[in-house]
Amino acid sequence: EFEGSEIGLDARCCVFITMNPGYAGRSELPDNLKALFRPCAMMVPDYALIGEISLMSFGFKRGRPLARKMVATFKLCSEQLSAQDHYDYGMRA
């Protein structure tokens with residue numbers, strides 16, 4: 001029941017949310033909403049594989065070695081360059 005109305009639910013329907021409060025301008029989910037969701041563990045993605053697939057889909061014939069070099073370059077940049085807000089070496093880069 002919601003505000004006096006009965007709302008039917010479809011058992012095949014799910015709602016997922018993702019939170020990444022570490023980014024600028026984002027905040028934690030309020031506790032009253034956090035209580036409605038179950039946490040789920042995530043793994044660090046294989047950036048080289050994702051890069052290879054993206055490059056191959058764009059038509060690169062040698063996507064694997066190029067993706068490995070890109071991952072190594074971004075990793076070095078994130079470790080050795082100064083930490084500034086305008087530097088982003090994540091998956092969106």
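**Salt bridges and their surroundings**

Modeller: The side chains of Arg12 and Asp10 meet in a salt bridge, with N and O 3.2 Å apart; the term denotes a side-chain nitrogen of Lys or Arg within 4 Å of a carboxyl oxygen of Asp or Glu. Side chains of opposite charge can pair when their charged atoms come close. This is a predicted model, in which local features need pLDDT of at least 70 and side-chain atom pairs count only at pLDDT 80 or more, while totals for chains, interfaces and linings use all residues. Residues are numbered from 1 along each chain as its sequence is written, and side-chain values use heavy atoms, leaving out hydrogens and water.

Arg12 counts as exposed because its relative accessibility is 73%, and Asp10 as partly exposed because its value is 40%. Here buried means under 20% relative accessible area, exposed over 50%, and partly exposed in between, with a 1.4 Å probe and protein chains only.

One joins Lys34 to Asp31, whose closest N and O atoms are 4.0 Å apart. These two residues are three apart in helix α1, so about one helical turn separates them; helices are DSSP runs of H or I with at least four residues, strands are runs of E with at least two, and both are numbered from the N terminus. Lys34 is partly exposed, at 39% relative accessible area, whereas Asp31 is exposed, at 60%.

Another pair is Glu79 with Lys75, where 2.7 Å separates the closest N and O atoms. Both residues belong to helix α3, four residues apart, which is about one turn of the helix.

The segment after α3 (63–80) contains Asp88, which is partly exposed at 35% relative accessibility. Leu81 and Gly59 are 22 residues apart along the chain, with 31 Å from C-alpha to C-alpha.
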